[in-house]
Amino acid sequence: MFTYQVPPPLSDAVQVGIRVLVNFGRSKFYAGIIARVHNERPKLYAVKDIISVLDEHALITNQQLEFWQWVSSYYMCTIGEVMIAALPGVFRLSSETKIAIHPDFNGDISGLNTQELAVIDTLTKKKVLSFKEVYTILGNNYAMQQVRNMIDKSLLVLCEEVIDKYKPKLETFIGLADHYRQHQEDLAELLSVMEKNKKTQQQSDALLQFMMCSRRANRDLIKKSELLSLAGITESRLSALIKKGVLKKENLTVSRWQYQTHKQSVESILLSPEQEQAYNDIRQQLSVNNKLLLQGVTGSGKTEIYIKLIHDYIQQGKQVLYLLPEIALTEHIISRLRAYFGDMVGIYHSHYSYMQRAEVWQEICNPEGRFKLILGTRSALFLPFSNLGLIVVDEEHDMSYKQYDPAPRYQARDAAVMLASQVQADIILGTATPSMETFFNALREKYGYVKLTKRYGEALLPQIELVNMREATVNHQLQGHSSDRLVSNIQQALDLHQQVILFQNRRGYSPYLECPSCGYIPHCQYCDVTLTYHKGIKELQCHYCGYSIPVQDTCPECGQATMQKKGFGTEMIEEELQALFPLARISRLDYDATRKKESHKQILDDFGNGSIDILIGTQMVTKGLDFGNVSLVGILNADNMLNYPDFRSYERALQLLMQVGGRAGRKSKQGKVIIQTHNVNHSIFSYILNNDYDTAAATLLQERKNFRYPPYLRLIKIGIQHKDEKKSSEAALCLAQKMREILDIPVLGPETALVSKVKNMFRKEIILKMPMDKKMAYRKQQISDMIGQIKADRRYASVVFVPDVDVY
């Protein structure tokens, strides 16, 4: 935070939460947010004046600032990093360095060369130029040097131009001129005259069309674009009528969001007896404890209960935040919510433009705004709610609620619990497979706890079958990477015109290529990982930094043999199934297949309307999808989830396997789940076969308690990164030594990170096991101070330290 002085002319306009323009450094200008107004003048430096106030009303509430402070303190980041994560980009004003003609330039161009003349000539017309525009004018690699030369000759001067990125959307509306709207008899007379004159007959037709459209819509002003779509109305005819003063043109601010009215009543939702009981239990428990876990098996109808509860809170004049872990899921559920709540539903996530998000922000700021229900991903937590009554965290177990890069590295589920406490709102954490932290809090009655054990209606939980891939391999019962058992079940489903979902948690065609002659494996130039083979685009790609190279026919090292593919991803499975089922309509749902803005929605829409028979996907297919015609789910390789070196691997595998299995048989037909594994005796499968998540979770909790892992304490990871491997190691050792001397908790490491180099930065890690006691905040401050001391050493000034609280 920085302190600025309020000049007397601005004293009445200044308040907490508004943006102000300030000078930062020698010449840069930025938008800052007023966090506190006080009379404590700094003694060590002279304060600068605020330049101007940018908002009439506060953009940020006091409650938001309190929440930002908590996020900054708990997750060990700066409040500036929280602000950047919270605010839509269009609200973050900054200045851009531009070029103008020097005020002392006398206009003498006789001594200028061709390039200088071109710049000066353009500036006489445009006043200022950006560096990008100068590069375009000069068209060479020495443009910057030429600009410096012109500055030295006092031909040019640098200036800062503040850029306001937010622009309201304007649309042209057409209406009757005020005189003719008030004097209908004059309008009738004018029409009569125009109809008799051949030159104005077409204008008369256009005017009549406008009047009919206005009456039908019961509006005085009609969008110009809407009028131009009508027969008989053209741009020239409208312009002529405007010029004559018959019609008028107005540019009005309109919303970037398309709204619709709701078509269904919430009262029309018929809850099952178990749902009705759960709904009543939730209301009763929330009356005494504002935090609650709703654990319901997949397909149990949690969403219908959410809708009923959302309606209750909106009826009380409250706002509701509905959080989902993935952008893709918002597209799937938005139509269901809008059917009941219409234009009260706002959406907030990064697939929408900065301008659209800014509009949602401003609607939420306004207590009379139309959005009462916000559906969004984790960033929606930072919206300026004025009367938040309920937060729903759906699929609360999902890893996507954790922000990894950049800071703040927050866990949105946990942050939502804190936000609910700060604003005295209720919060429901919903899932079929609770995270260990949430399950632990429910068991010790810190959270309320309601369970749904049956699927909605007549739907039965799926039948689960294990396929021993060791035996299938020995007995030659494989077709590609699918067992004969899985292939025959896919064929049965297709014969019955039913749909299939196949899960493989690895995208691309093959994880890596290897030369059979010399053993060469292509690696990323900037990261310590192998390159993944993508057959469709004929490239080897790094999934960490994006580095790619074209696939070569022979080994680049020995030049002898064709490279062999090792492992398999979704792209290879798609190719194998096309060969096995040539008449089936097969599609992929993974990151590569959903890069375009609407592609994810299009794939799910096609699957929902039956245009796709087999859907192959990564984790995207495990989350909250509800398709009634899916009778079979196949998990192609369960082992790679179980063998990951992480204390959460069993928890994640259990959740993923039960969630993806839950996509099968969600209506009247019982579905089937086939799990392919090389280790059928693994304990996790006994829990999955019996659909016994609670016993599995209790076992995992006991193991966590024995070995001192979350939720019994907090894990903090400190990443240490530098482009020089030696410097990274030295800084990590120095920090670990300081920690052992000062902290009263176990310090593990430093160790080399699982991926030792990413984007040319060598990575070390220190793990801290921190008890959940009153000293947590004090210890975090000690850690920050130690990092600051090491950064103050010139040897380590360029080392990057990355604190990650509650490691996931």
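**Figure 1. Lys127 and the residues it touches.** Setting aside neighbours within four places in sequence, Lys127 makes contact with Ile99, Ala100 and Ile101. This is a predicted model, so keep that in mind as you look around. As for where we are in the fold, Lys127 sits in the loop that links helix H3 (114-126) to strand E5 (128-130).

**Figure 2. How open Lys127 is.** Is Lys127 buried or exposed? Its relative accessible area is 59%, and because exposed means over 50%, Lys127 counts as exposed. Across the chain, 50% of the 808 residues count as buried.

Figure 3. For scale, the C-alpha atoms of the chain fill a box of roughly 90 × 70 × 70 Å along the principal axes.

Figure 4. Count up the secondary structure and you get 26 helices and 33 strands. Take the contacts with a separation of 6 or more: 74% of them are between residues 24 or more positions apart.

**Figure 5. Surface and charge.** The chain has an accessible surface of about 39,100 Å², and carbon and sulfur atoms hold 49% of that. On the charge side, there are 97 positive and 88 negative side chains. How far apart are the centres of the two sets? They lie 2 Å apart.

Key:
Residues numbered from 1 in each chain as written. Predicted model: local features only at pLDDT ≥ 70, side-chain atom pairs only at ≥ 80, totals over all residues. Heavy atoms only, no water. Helix = DSSP H or I, 4+ residues; strand = E, 2+ residues; numbered from the N terminus. Buried < 20%, exposed > 50% of the residue type's maximum accessible area, 1.4 Å probe, protein only. Contact = heavy atoms within 4.5 Å. Areas by Shrake-Rupley, 256 points an atom, 1.4 Å probe, with all protein chains shown as cover. Lys, Arg positive; Asp, Glu negative; His and termini not counted. Charge placed at Lys NZ, Arg CZ, Asp CG, Glu CD.
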